[in-house]
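I opened this notebook to keep track of what I looked up in the structure, entry by entry. The notes follow the order in which I went through the chains.

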Amino acid sequence: MNDSVSLLHFTIAVPIIAAFATLWAGKLGRPAVQIVSITGFAIPTILALVAWIAYSPEVAGGYDFVTRHNTGLESVGISLHLGLNGISLPLFVMSAVVGLAAGLYAAQSKAENLSRYLFCLLIMQGGLMGVFASIDVFFFYFFHELALIPTFVMVGVWGGRDRGYAAMKMTIYLTLGAMISLAGLIALYVKSGANSFDLITLKAHLAAAPLSETVSHYAFGLLLFGFGILVSLWPLHTWAPLGYGAAPSSAAMLHAGVLKKFGLYGLIQIAVPLIPGGVGQWENWIVWLALGNVVVVGLITMAQRDLKQMLGYSSVMHMGYAFLGIAAMSVLGVGGAVLMMVAHGLTVALLFMLSTMIHHRTQTFEMEEMGGLSKKAPVLSAFFVCAMMASIGLPGPGLANFWGEFGIFVSIWEYKPWVLFVAATGIIISAVYGLRSISRVFFGNESEDFLEVQKENSVTDMTWAERVPALILLVLLFFIGLFPKTVTSSLNEALESEPVYAKAEAGE
Amino acid sequence: MPTETLKSLGDIAATNSWGAIYPELILGCLALALLALEVILPKFAHGAIPRISILGQVLLLGYIIIFDPAGCCNGIAFGGMIELSGTSQALRIFFLLASIFVSYLAMVSFENKTLARVEYFAITLVVTGALSIMAMSNHFVMLFVALETATVGFYILVSYFRQNTLSLEAGLKYLIMGALSSAILLFGIVLLYGAASNPAMAGSSLDSMNFQNLRVFLEANPTDTLSILGMLLVISGVAFKIGAFPFQIWIPDVYQGAPVSTTAFLAVSSKAAGFAVLLTLTKVFSPLSDWLLPLLSGIAALTILFGNFAALTQRNLKRMIGLSGVSHAGFLLVGVVAVQTVPEATNWVLFYLFAYLLGSMAVFCVLAHLPKEWDADLSLDDLGDLAKKNGFLGIALAIGIGSLAGIPPLAGFIGKFLIFVAAFKAELYVLLGVGIVGVVISIYYYFGVIKAAFFEVWSFTDEDEKSDAPAVLPGQSLTALGRLAIVFAVGGSIVLGFFQGPLGSWLSGQ
């Protein structure tokens with residue numbers, strides 16, 4: 001362990017410093033705010049891409065860029081221990097890229113008090129980078145909360161319809177989820193006897209002396225439901241569509257795209273490897289609730305008339321697949337889940353951004369009142385079709401999503417074939433609502449309401465300021481879809497080094 | 001006989017190490033000096049007296065922190081009357097820090113009022129000294145004398161706004177409840193004294209009010225009914241001080257009516273002193289832990305739930321802060337219960353107290369700067385548009401409230417986190433569950449404050465906002481000193497959330 005400074009420190013510190021610089025730049029005017037904030041988003045992205053290329057751990061599947069600092073809680077077993085492994089690396093890169101896109105989009109938006117808005121977004125970005133870079137479980141949680149608090153503020157202050165209620169509901173739900181998962185993490189800390197929150201130490205301790213059956217049962221239960229609330233596991237998902245419906249687009253992009261993956265990441269990286277017995281004890285719960293996400297929420301998604309609500313529900317629905325991948329407990333299933341998390345993060349962020357662009361042009365989120373937008377905005381419609389195809393998981397633009405879901409489905413087939421039959425209906429469901437939304441919004445005749453809107457303000461196609469963030473997301477999506485090996489080789493190494501995931505593979 | 005008595009008195013006097021309590025002595029002298037200055041200084045210079053008081057305290061605090069951070073003379077002194085330890089040293093600094101904030105708050109809130117002023121600052125200093133001695137007392141006589149010194153001082157401080165009926169009502173309530181609790185405490189002490197000095201009992205002692213002697217006796221007689229009853233009454237008396245259920249009944253009215261500086265004083269210092277005593281007494285009563293721990297655990301759970309549920313519907317700011325303080329007392333009680341099985345948790349309780357001090361003081365400083373003739377009437381509506389009218393105060397309020405709510409990355413979160421770790425180590429799962437429920441409930445009302453101060457502002461309709469703007473903007477009385485105080489509280493809350501280094505190692509280094 002060394003005390004030196006690695007590039008991970010910069011990925012966390014730069015957005016936070018830039019956040020305060022942005023506040024200060026607010027006095028200098030809009031261009032200064034834009035320059036400072038975009039720098040704050042771009043530097044971590046560049047560093048994350050460098051980390052992606054340079055990643056070469058000493059041990060296969062191990063951590064790279066490891067540093068460790070004492071912040072004063074060493075006596076409790078807490079230190080700022082940073083590093084990346086094959087599981088966190090793709091998510092780390094994804095969060096940097098989504099952050100850049102969200103930041104670029106926010107910087108050109110017409111939000112009131114732009115500098116404060118970007119302040120919140122930058123703090124959130126710093127927290128997100130910290131979440132995936134932390135080896136210390138305490139800081140993993142800490143950075144999550146750091147990223148979560150600005151979300152509430154952004155929903156409450158800059159949100160749309162029902163923002164007060166949505167912010168309150170999100171705050172209470174997510175605090176409950178966070179507190180329950182915190183209790184689970186403390187349970188691990190105390191019951192392992194490691195007297196450390198360090199993931200590596202904890203892992204070594206628990207490998208030598210696993211938790212007893214009762215302890216692992218309740219500790220995993222706490223983590224499952226705590227994280228479950230944060231990932232919007234059915235039926236604890238009701239905050240999500242409401243919150244995303246009300247959230248300003250950049251906040252929704254970062255939350256739905258990245259922050260929500262915290263819970264799944266926690267399960268994959270922490271809960272399952274540390275408590276290998278837990279999944280077995282809770283597997284029926286996981287499978288049934290995850291199917292609830294896929295089927296029940298899927299059907300609710302189909303019934304949505306509001307574009308943004310529909311996206312909110314669809315993001316809840318897709319989390320079900322990730323839970324199923326985890327339940328399968330194999331390298332393929334969990335790897336598929338991670339790949340899907342990355343792909344879904346990029347896709348859903350893109351969709352939320354595009355839906356706001358659509359709103360600017362049609363002045364509504366009601367899909368009934370739209371139609372024929374492709375005539376006025378062909379580029380926008382092309383982007384949206386790509387993103388929606390990806391979200392459905394069709395091979396083609398959404399290869400990345402496709403690989404993820406494919407891996408999950410294959411692993412479910414090996415795990416419990418009947419689950420696959422139920423889960424596969426989700427593909428049909430998402431195809432139905434996805435394609436229907438495309439046809440409603442972009443094709444067909446222009447609706448009367450839309451014609452009304454056009455009289456008052458001319459509808460233009462995407463500007464370059466809008467195209468750049470969308471392109472960034474789409475390019476990475478294509479890249480991962482075409483070259484999944486760039487993600488999966490290190491991911492597989494990391495997962496195979498976890499006995500709990502590799503065991504299932506070896507047993508066959 | 002007389003020679004013998006004289007000799008024993010001489011022996012006791014030989015342990016009188018006045019140097020050990022120099023900070024308290026200096027506080028007392030400073031109080032007298034303030035009173036003298038009022039006579040000496042010409043009338044127009046009276047405004048300087050509060051500043052002199054603050055300056056004196058800051059110098060004293062600086063001296064202690066720089067030259068004597070660990071306490072110069074730890075150990076038992078004054079014939080067993082007091083015991084100085086790392087904990088009492090930490091609390092001494094705590095009380096001094098709180099007292100500086102209280103003096104500042106008083107300075108602000110007396111600005112436009114015709115009142116005798118100097119006495120308030122002098123009494124504040126005396127009470128601070130008394131609380132500090134209370135935290136180091138090792139003998140029931142010392143404890144009671146210190147407690148009464150502080151309580152009598154508080155009678156005056158609570159009803160200081162004598163033109164305001166709410167303040168007078170609060171004073172009366174505090175007087176009656178305070179006297180009642182002192183009586184209960186005293187009765188408990190007497191029972192313990194009687195039981196423990198009974199020569200027929202094993203382990204009895206002539207000086208049975210001394211904590212070490214009492215502990216020896218309780219170890220020998222862990223099932224003595226009289227002692228258990230005495231213990232119950234003593235704990236009840238202390239529970240009144242910390243505002244624990246079911247002795248929290250006075251809190252909302254008194255906190256609302258008292259001047260904001262006194263509210264802060266009660267909420268922070270008085271509560272912390274109660275916990276200091278509780279930490280000492282639980283060690284003394286540990287032979288009775290079969291009774292004590294279930295009792296304290298039950299109180300802790302009910303206190304958390306009561307505080308949070310009662311605060312949910314409050315719109316009056318000071319009542320709300322008071323009731324949220326009740327729930328903080330509950331969390332601290334969880335820590336105290338955990339200390340019995342996890343000794344290192346003492347430092348975590350102290351950390352929580354420091355975090356609570358900084359968060360509370362940030363909030364109280366903001367309240368003191370809101371334009372309202374009587375701060376007892378402050379309600380959530382008075383926060384409307386605060387963030388827009390005075391961004392500095394708005395952010396200070398948000399961070400203070402956030403720290404109280406235990407939101408990372410602020411100090412309050414680390415405090416709560418450490419308490420939870422302690423509770424888990426001590427296997428207090430029910431209390432932990434109650435704590436989590438409490439945190440989630442508390443988010444609701446803390447969020448209400450943030451919402452009132454922020455969310456109604458940056459909305460889309462701000463058209464007719466100018467027409468009904470109040471004549472006085474919040475924060476007009478904010479001076480450089482005030483900014484410094486707020487920056488200290490807010491900055492401390494943030495820094496302790498990210499980097500606990502100095503405070504953490506200082507607390508655990510002792």
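**Where the chains touch**

I began with the contact between the chains, which takes 27 residues from chain A and 25 residues from chain B, two residues being in contact if their C-beta atoms, placed from the backbone, lie within 7 Å. On the side of chain A that touches chain B, the elements giving two or more residues are α5 (137–158) and α6 (163–192) of chain A, and α6(A) gives the most, with 14 residues. I noted that this side of chain A divides into 17 nonpolar, eight polar and two charged residues; Ala, Val, Leu, Ile, Met, Phe, Trp, Tyr, Cys and Pro count as nonpolar, Asp, Glu, Lys and Arg as charged, and the others, Gly among them, as polar. Helices in these notes are DSSP runs (H or I, at least four residues), numbered from the N terminus.

I reminded myself that this is a predicted model, in which local features need pLDDT of at least 70 and side-chain atom pairs count only at pLDDT 80 or more, while totals for chains, interfaces and linings use all residues. Residues are numbered from 1 along each chain as its sequence is written, and chains are lettered from A and ligands numbered from 1 in the order in which they are written.

**Two helix pairs**

Next I looked up how helices pack. Two packed helices are described by the angle between their axes and the distance between the axes.

In chain B, helix α14 (residues 345–368) and helix α17 (residues 411–425) pack at an angle of about 155°, with their axes 8 Å apart; axes are lines fitted to C-alpha atoms, for helices over the stretch in contact, and angles run from 0 to 180 degrees between N-to-C directions. That makes α14(B) roughly antiparallel to α17(B), given that angles under 35 degrees count as roughly parallel, over 145 as roughly antiparallel, 65 to 115 as roughly perpendicular and the rest as oblique. The crossing of α14(B) and α17(B) is left-handed (left-handed if the near helix is turned anticlockwise from the far one by less than a right angle, right-handed if clockwise). The residues of this contact of α14(B) with α17(B) divide into 12 nonpolar, three polar and no charged.

From α8(A) the contact is made by Glu213(A), Ser216(A), His217(A), Phe220(A), Gly221(A) and Leu224(A), and from α12(A) by Gly277(A), Gly278(A), Gln281(A), Trp282(A) and Ile286(A). I recorded four nonpolar, six polar and one charged among the residues of the contact of α8(A) with α12(A).

**Lengths and burial**

I then checked helix α5 (residues 118–136) of chain B: at 1.5 Å a residue its 19 residues should span 27 Å, and its end C-alpha atoms are 28 Å apart, which agrees. The expected span is 1.5 Å times one less than the number of residues. I also saw that 17 of the 19 residues of α5(B) are buried, so this helix is largely enclosed by the rest of the structure; a residue is buried if 20 or more other C-beta atoms lie within 10 Å of its own, exposed if 12 or fewer, and partly exposed in between.

**Backbone details in the loops**

Last, I looked through the loops. In the loop between α8 and α9 (239–246) of chain A I found Pro235(A), and the peptide bond to it from Trp234(A) is cis, with omega near 0°. Ser232(A) has its place in the loop between α8 and α9 of chain A; its phi is near 60°, a positive value in a residue other than glycine, and with 30 C-beta neighbours inside 10 Å Ser232(A) counts as buried. In chain B, the peptide bond from Phe245(B) to Pro246(B) is cis, with omega near 0°.
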